[in-house]
Amino acid sequence: MVDIALHVRIFEGNPTDDLVKKRQTAIKEIAAKFVKPNTVSRLLSVANGVALGSIDNGKLPPSLATEVGESITKVSPSFVNEGHDLELATCAMLALMTAVETGTKSSNLTNADYLAVGIWLAISLQGGGKNERFERLRQSLLELCRDHVLKAANYGRVRSQPSKITDLAADNSNLGNVVENLKSTIATLYSNAAVDREEIDLLWWSVTGWSDALGAKYADAKPHVAAVALGLDAAKRLRRMPIELHKELVLRRVPEGESLTAVKLVKELGEDRQRLGAVYGSDSDVISNPEVFPLLNALASGSVGSIGKITFSIRDLALRALLEGVTFDVISRREV
């Protein structure tokens, strides 16, 4: 569980027991707020906002800062948001960790899954901070969310054994139990079939050499164009975040190519950038959350935003396209 007392020292060097208890109460309420309303857009927006506050001298977006501040003010009436950006950001990060840790585990996607993948994508491209205590919290948040996503990816693909068939009694006295048993069996078979279909679709794609995103063969595209297309095309065939096997299927086709900054990458993609990014430019979840979807935004608009100086190897580029593409195609759209 999150050690709130430890991290309170980020903004208060010698906290009293009363202060710690009050912040614990506020953080619990903030965590509950973060998942309301329970929509993909809301959850990705929270992740994007918390990521903005997690960098050195970062600030939460005004609306998110207001939400966090209101919960703190409930337990500490003298608190004001002005001049307390570090405390607001710290409490928001701790609340998000609380929401992820206390989220339910399910074969279906959950609130915690959406928050975790949003934070993982956003924070993983940030540089380290100079405030050591705050940086430890940021790293803890990143590790928690990354581990959660990877575990959920594996858990969501576990095939279950259908229930043993319940025989109908001669007098039909157990008809209700038989019906429930059949419903459970059908649901299990349906879930198993979805996993099978994902594997079949991905394996067929991996041997074709054809890019749906480009409308051409990968071999005919420039290396960096092919790398991005590989990630985006694979993403469309996944039902959850990728596991190592999926990454390897993408990387086996990635051609040789030099590492490029995001600025140089956009230039290298040339006219293919618009083709690759056409789907994403009109999507509100993508354009409203540039910290979560920096690559998709760059493809859609040609603007690199905060990642301009970040250098991507061609393999990292393919995997980044895969992760952002899966988040768009699976988590934002299919909710399986």
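Visitor: How much of the protein chain is buried?
Guide: Of the 336 residues in the protein chain, buried ones make up 49%. Keep in mind that this is a predicted model.

Visitor: What about secondary structure and overall dimensions?
Guide: There are 15 helices and 4 strands in the protein chain. Its C-alpha atoms fill a box of roughly 70 × 65 × 30 Å along the principal axes.

Visitor: And the contacts, what share comes from residues 24 or more positions apart?
Guide: Such residues account for 74% of the contacts with a separation of 6 or more.

Visitor: Moving to H8. How far does it reach?
Guide: H8 has 34 residues and spans 49 Å from its first C-alpha to its last, close to the 50 Å expected at 1.5 Å a residue. After H8 comes Gly-209, which has a positive phi, near 80 degrees.

Visitor: Which H8 residues are buried, and what do they pack against?
Guide: The buried ones include Val-178, Asn-181, Thr-185, Leu-202 and Trp-205. The buried residues of H8 pack against strand S1 (210-211), H9 and helix H10 (244-251).

Visitor: How many salt bridges in the whole structure?
Guide: The search finds 18. One of them joins Arg-23 and Glu-87, with the closest N and O atoms 2.6 Å apart. Arg-23 is in helix H2 (residues 17-34) and Glu-87 in helix H5 (residues 85-101), so this pair ties together parts that are 64 residues apart in sequence.

Visitor: Buried or exposed, that pair?
Guide: Arg-23 is buried, with a relative accessible area of 5%, and Glu-87 is buried as well, at 7%.

Visitor: What does Glu-29 do?
Guide: Its side chain meets that of Lys-74 in a salt bridge, 3.4 Å from N to O. Glu-29 lies in helix H2 and Lys-74 in helix H4 (residues 62-75), so the pair ties together parts that are 45 residues apart in sequence. Glu-29 counts as partly exposed at 26% relative accessibility, while Lys-74 is exposed, at 61%.

Visitor: Switching to rings. How many aromatic pairs?
Guide: The count is 2 aromatic pairs. Trp-205 and Tyr-218 are edge-to-face, 6.4 Å centre to centre, with 90 degrees between the planes. Trp-205 sits in helix H8 (residues 175-208) and Tyr-218 in the loop between strand S2 (216-217) and helix H9 (223-235), so the pair ties together parts that are 13 residues apart in sequence. Both Trp-205 and Tyr-218 are buried.

Visitor: And Tyr-280 with Phe-328, what is the geometry?
Guide: That pair is edge-to-face, 4.9 Å centre to centre, with 80 degrees between the planes. Tyr-280 is in the loop between helix H12 (272-277) and helix H13 (284-287), and Phe-328 is in helix H15 (residues 314-331), 48 residues apart. Tyr-280 counts as buried at 2% relative accessibility, and Phe-328 counts as buried at 6%.

Visitor: Which residues form a nonpolar patch on the surface?
Guide: Ile-165, Leu-182 and Ile-186 do, with about 290 Å² of accessible area together. Ile-165 is in the loop between helix H7 (132-155) and H8.

Technical notes: Residues numbered from 1 in each chain as written. Heavy atoms only, no water. Phe/Tyr/Trp six-rings, centres within 6.5 Å; stacked < 30°, edge-to-face > 60°. Helix = DSSP H or I, 4+ residues; strand = E, 2+ residues; numbered from the N terminus. Buried < 20%, exposed > 50% of the residue type's maximum accessible area, 1.4 Å probe, protein only. Patch = residues over 30% accessible without salt bridge, like charges linked within 9 Å, V, L, I, M, F, W, Y side chains within 5 Å. Areas by Shrake-Rupley, 256 points an atom, 1.4 Å probe, with all protein chains shown as cover. Salt bridge = Lys/Arg side-chain N within 4 Å of Asp/Glu carboxyl O. Contact = heavy atoms within 4.5 Å. Expected span 1.5 Å × (residues − 1).
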